[in-house]
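Please keep the structure open while reading.

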Amino acid sequence: MSHEAHEPETPHLDFQGTTPYEDYVKADVLTHLQHTLSDDPGEMVFLVTTQVMELWFTVIVHEWETAAKALREDDVPTATDALKRSVRELEALNASWKPLSGLTPAQFNSYRGALGEGSGFQSAMYRRMEFLLGDKSASMLVPHRGAPRVHAELEKALHEPSLYDEVLRYLARQGHPVPDEVLRRDVAQRYEPSPQVEAVWTAVYAGDERDATARLGEALTDVAELVWRWRNDHLVATRRAMGAKTGTGGSAGVAWLEKRAQKSVFPELWTARSYV
């Protein structure tokens with residue numbers, strides 16, 4: 001056996017047409033989607049960061065829809081695994097604020113005009129995230145009337161049970177006393193907290209913390225916490241860049257974000273802890 005050092009084999013480099021990597025990742029498409037509208041060099045990072053956020057929204061929606069489907073089938077391990085993956089993805093999403101978190105008003109204003117009437121609240125994929133969390137509103141479909149596919153996907157999501165609806169239906173099938181008015185509610189409406197649901201979660205948390213339902217509750221709480229952090233990081237970045245001015249697209253800007261940051265996701269999972 002030879003003990004001579006060998007150079008690693010050169011990988012195969014000659015392909016007919018595009019590379020297998022390109023065929024799978026579509027990197028050439030992704031890296032040519034950036035069309036800045038100002039001469040400011042800082043606009044590129046704003047645009048790319050926003051596009052990255054949209055990709056993370058897409059992945060997280062996939063995970064939560066996977067979890068909802070698994071819960072319909074009483075498959076809690078698969079649902080919990082999807083939620084845990086989404087926690088790591090939410091952490092990556094939240095880190096997307098880092099490149100924008102230090103923007104001064106002058107830096108943001110140098111390309112703010114390029115946004116025109118554009119605003120983050122017009123993001124259809126983010127709206128699907130909110131719908132899955134139970135924050136439903138038919139009025140949020142209005143900005144998308146001119147995009148038939150997007151509008152149809154959002155309308156479908158509006159009228160489907162949210163992730164939390166599926167959780168509560170699962171709890172009811174397991175014998176927990178979730179009230180009929182919650183189970184039969186109009187799922188196209190925003191979810192409102194229920195004292196009876198709070199009592200269900202209190203009972204779950206007063207029991208064996210190793211139980212699958214308790215672990216499901218903790219995975220949901222991890223998701224809720226990171227969504228809250230997302231909203232707060234958005235608020236802080238916006239406040240730093242533009243203060244209390246009206247937001248892009250005519251939104252209320254910081255005032256609207258402050259209101260959003262006060263809302264709890266999966267509210268009874270938080271309030272029940274006071275009674276355990």
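Predicted model: local features only at pLDDT ≥ 70, side-chain atom pairs only at ≥ 80, totals over all residues.

## Packing of H4 and H11

Helices H4 and H11 cross in a left-handed sense. Their axes come within 9 Å and cross at roughly 20°, and because angles under 35 degrees count as roughly parallel, H4 is described as roughly parallel to H11.

On the H4 side the contact includes Val76, Leu83, Val87, Leu90 and Glu91, while H11 contributes residues including Leu216, Leu220, Val223, Leu226, Trp230 and Asp233. By class, the residues of this contact comprise 13 nonpolar, three polar and four charged.

## Packing of H5 and H11

Helix H5, residues 105-112, packs against H11, residues 212-242, at an angle of about 85°, with the axes 7 Å apart; these two helices are therefore roughly perpendicular to each other.

In this contact Pro105, Phe108 and Arg112 of H5 meet Arg240, Ala241 and Met242 of H11, a set made up of four nonpolar, no polar and two charged residues.

## Nonpolar cores

The largest nonpolar core has 57 residues, and Trp64, Trp201 and Phe266 are those with the most contacts inside it. Among the elements that give two or more residues to this core are H3, H4, H5, H10 and H11, and the largest share, twelve residues, comes from H11.

Beyond its neighbours within four places in sequence, Trp201 is in contact with residues including Tyr164, Leu168, Thr213, Leu220, Glu268 and Ala272. A second, separate core of eight residues includes Met140, Leu154, Leu158 and Ala188.

Definitions and conventions. Residues numbered from 1 in each chain as written. Heavy atoms only, no water. Axes fitted to C-alpha atoms, helices over the stretch in contact; angles between N-to-C directions. Helix = DSSP H or I, 4+ residues; strand = E, 2+ residues; numbered from the N terminus. Parallel < 35°, antiparallel > 145°, perpendicular 65-115°, else oblique. Contact = heavy atoms within 4.5 Å. Nonpolar A, V, L, I, M, F, W, Y, C, P; charged D, E, K, R; others polar. Core = buried A, V, L, I, M, F, W, Y, C linked by side-chain atoms within 4.5 Å. Buried < 20%, exposed > 50% of the residue type's maximum accessible area, 1.4 Å probe, protein only. Left-handed = near helix turned anticlockwise from the far one by under 90°.
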